[in-house]
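Please open the model in your viewer and keep the sequence panel beside it.

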Amino acid sequence: MERLVVIGAGMASGRLLEHLVEADPNAYAVTLFNAEPRGNYNRIMLSPVLSGEKSYAEIVTHDDAWYARHGVTCRFGERVESIDRDRNVVVGAKGEVPYDRLVLATGSDAFIVPCPGHDLDGVIAYRDLDDTNRMIDTAPGSRAVVIGGGLLGLEAAAGLRMRGLEVTVLHLAGHLMERQLDPAAGYLLRADLERRGITVMTQAATKCIRGDGAVEAVELEDGTILPADLVVMAVGIRPSVALAKQSGLAVNKAIEVDAQMRTSDPSIFAVGECIEFAGQLFGLVAPLYDQAKVLAATLLGQDAAFTPKQLSTKLKVTGCDLFSAGDFADGPGREDIVYRDPARGIYKRLVVEDDTLVGAVMYGDTADGNWFFGLIKDGTDIAEMRETLIFGPAYQGGATADPLAAVAALPADAEICGCNGVCKGQIVTAIEGGATDLGAVRATTKASASCGTCTGLVEQVLAATLGDAFQMPTAQPVCGCTDLSHEDVRRLIKARELKSQPAVWQELGWSTPNGCHVCRPAVNFYLLADWPLDYQDDPQSRFVNERKHANIQKDGTFSVVPRMWGGITTAAELRAIADAADKYDVPTVKVTGGQRIDLLGVKGEDLPAMWADLNAAGLVSGHAYSKGLRTVKTCVGTDHCRFGTQDSTGLGIRLEKRLWGSWTPHKVKLAVSGCPRNCAEATCKDVGIVCVDSGYEIGVGGAAGMDVKEVQPLVKVATEDAAVEWTVAFVQLYREHAKYLDRPYKWLAKVGLDWVQQTLGDAAERTALVERFDLSQTIYQTDPWAELAMREKARAFAPIADLTLEAAE
Amino acid sequence: MDTAMDLVTENPAKTFVEVTEIWIPEGDRLVLSGGVYGPHDRFAEASRAETFALGEGLPGKAWAEARPVVLKAFDGSYFKRTEAARQVGLTSAVAIPIFAGRTLKAVVVVLCADDATRTGAIEVWAEADGILTLADGYYGAATHFEWVSQHTSFPRGQGLPGGVWSALTPILMRDLGSGYRFVRSESAGQAGLTTGLGLPIPVPGGATFVLTLLSAKGTPIARRFEIWDARAAKTGTRDAAKLVDGICERDGPLWDPENAGRERVATAWEGPIGRVLATGVPVAETGAAAQGYAMMVAMPIHRGGELAHVVAWYC
């Protein structure tokens, strides 16, 4: 009988031994080393042991009796010190064991972030039973910080929470499990975990762990300090290869093996997380089992070869149902099929390329996961079933789904409006009782009167019940991604406190994974306007001018316009502008209608340096490219003009300094004229103020573009302070209510001047609007030039940048 | 997987629950649809002759108030079968209403006999102000644990009740008292409580209730627990359920250790689980259905008006 020594009693080597004893129990005399003082257990089930939903006894794969029955000599709790390949001997802490064949199954070690404090007591990894028990032994009520929002970290977080701890998860990427999930599914997962009382922080980089001997707090790069009694590092694993390296085997990122699991030494083999095959590492259990099967065959002299397969992911947190497989990155030639059911928290996305399914992500409804996984693995041609693919195998070969037919087929007790518990039968009764439009159904039954997401369904019930007598309303949807109008989206973002793009896509049932070039800029604006503190502006959801902070011209060059407050400048500023024009070969210098100077024909790659130069002279961006405040045009007012009634220049400067940097639904232009002669042309601006002897006449909703409009009188006030207050309040009301890309005059035509006057006429409401505006300005009133002039940002402006991946225009 | 066999080894003479009965609505009254009465024939007889209107007796109260109700003393209470219960030594009862959306499907009543040695716990946790606190519970001889529970509350996600609440699924916890630090473990350990089954009890109106059955070795509530997932979102069909978790004194763990989708499947109308799947109504059985144990109870849990899970316990 040949002597087989196995180092490491994990799941891969455990499966290897099972195959060996099953195929030929007399082939080898086996000695099994394990550094842990125990045999093989189902390591991937440690998470339910941590949560208390399984016992350790249940996850033991091989107990002492199993090893005895199969004649395996166990050397548990004994570390292997070296391998003497010349003598074919393994040197353990308690003595040598000779081998004919040797298997390395040393697995992996947790990667510990080498930040200051990583070696404090209370900082642990999550790899084995000892780590698990350490977590279990932490007293309920303690505070745990889990670093890493991948599979393992989230399972640890959920388990710790079940044990009664206060848990915070820190994740470096923008959404959880970013390698397995897209942002939409990551959003649902996050909501699920937060529902369990777990705090989730994304884009959170750990700076250090504080404590005197034992951990006391985790400090983040942004200065946040999180008190902690336990820190669990779950950021990744590293193949455990020290022994292999020391023995002189070929090791790259891990122990290199061939398809038969043989290392560079023909009598030494390796399986599991410690190997590298064709440049690939392995961390999930399925390929490990495949490797074990191949190695068993190799050791028994049979032919077998390992081929890596597609993998699927499941998270073992009770109640979190997610599935992901294949590749779901965006790419040219790839198409998405998306299904969302906001009421049930369901998101499904299939990625199709060349008539085959290449990726699938699902949350909340994972029933068809394995079927989709099969299609991915087999590369099945799905052209025939493309239309109904997302509905899973049950729908294949059936009729195509007609939403109206589906609604017609609903039983009377099917719930249509979840908020108010209204069933289809009640709506039908109301319709038959004379409620023949949406408003009447709403008034009679309360259906769709709360969150409004069932509005479409109620309309379909109306259509199904009334037939031709019901005209489906033609409210213009934002774009092809949704049936909701801009107004609906704005209302729902506020009402349902949606604070991220994934939240909007999911909760409002978007039919695309991440929106499109039409809806993304709008939703980005709505979110930043409504939730300035919670939402983070997404540059990829902005038009190219706003991304580049400069107006792109028809020849691909840019124009640069520094701000001139109220149209006032100085000799020094003019000199700096002239110097910049010389230094960067600016072909055209133009005075604009907004009383400032435009430098045209600047090359993209020169922008950061030019901004830096202008910044150094005290000039900031004029936002000449933005959906935001452009200019405040003024006349010279009382300082110089014989007719001036007030300090129009001073008021203009004051307004510009207050309003600059604020994003608005469309561009906003202001003017202040010092007398009714109106030299600043205030009566065709979005907000135009005309000074008179008795005070300030504020007009709104003017335009002088494709439409020409005179302002409508909003109010007349006596003091400059009141003029500023009303103007700011008006701009904020516009920011909060208007449809994206509606100028104020278009918005006013929809809501009516009366409503605006009534709203702003309420002093408390006016104050609140001003406060909300100022709060938003604490985040957004920054000079983009100063931020972007930094050298590393300059790369984004290099001419080779790939613009095809960007969102808008 | 014979290692879990030592969870319970002796074969105790007593169980914590003596009687389980199922009451279902018929017209405007609740009638007995099934029950397991063990040796208590006279109580069974008295029950067969009984029906309950809304608000009447213990089952009628659970129906009317749309919440689980614990009754620890029958004398002088609204309990209608006090005399029959007294004669056979039954002293306490818990009534659990089973709703599918707004529709009452059944009321499950379990009755216990009090003495100084029977330990276990049937608890009802209710949410108020974002926290679960004990609404009521029956603990037999585990008086210290009862006191601890009365002074414990669970935020979302914490402990068995908080876990069930946030995950919206039944959860089966092991070894509540020994190596695994159940939030109330010290006291649970002293009381000999080992395994805990927590179930969400959906009721109309949105109130949150979680029922926990905590089982002790000597006088177990059950020797076998099963949790079946019946959601179409997991099984792909309305007519089947998968055995996603479970543990049995004789068969050990009942879950799929490879986590590879090879769980046992029950289909509608086949066996007691299949009957619950098909009807949405709980069952209490003896004989073959109880797989060698004296009795089994299978209870449906609905979510959003649809059958979502079936939990079963055998003793």
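Leaving aside its neighbours within four places in sequence, which residues is B:Trp313 in contact with? Select B:Trp313 and you will find B:Leu197, B:Ile221, B:Ala222, B:Arg224, B:Phe225, B:Met296 and B:Val297 in contact with it, where contact means that the C-beta atoms of two residues, placed from the backbone, lie within 7 Å.

Before going further, note that this is a predicted model, in which local features need pLDDT of at least 70 and side-chain atom pairs count only at pLDDT 80 or more, whereas totals for chains, interfaces and linings use all residues. Residues are numbered from 1 along each chain as its sequence is written, and chains are lettered from A and ligands numbered from 1 in the order in which they are written.

**The cores**

A nonpolar core here is a set of buried Ala, Val, Leu, Ile, Met, Phe, Trp, Tyr and Cys residues joined through C-beta atoms within 7 Å, and a residue is buried if 20 or more other C-beta atoms lie within 10 Å of its own, exposed if 12 or fewer, and partly exposed in between.

**Strand β14 of chain B**

Now select residues 240-248 of chain B, strand β14, which is largely enclosed by the rest of the structure because seven of its nine residues are buried. Strands count as paired if DSSP finds at least two bridges between them. Strand β13 (residues 224-229) of chain B runs antiparallel to β14(B) and is joined to it by six bridges, with B:Glu226 partnered by B:Gly246. Strand β16 (residues 265-267) of chain B also pairs with β14(B) in the antiparallel sense, over three bridges, and there B:Lys242 stands opposite B:Val265. A hairpin leads from β14(B) through three residues to β15(B), where B:Gly252 is the bridge partner of B:Cys248.

**Chain A**

Finally, colour chain A by secondary structure, which comes to 27 helices and 38 strands. Of the 809 residues in this chain, 47% are buried.

Conventions. Helix = DSSP H or I, 4+ residues; strand = E, 2+ residues; numbered from the N terminus.
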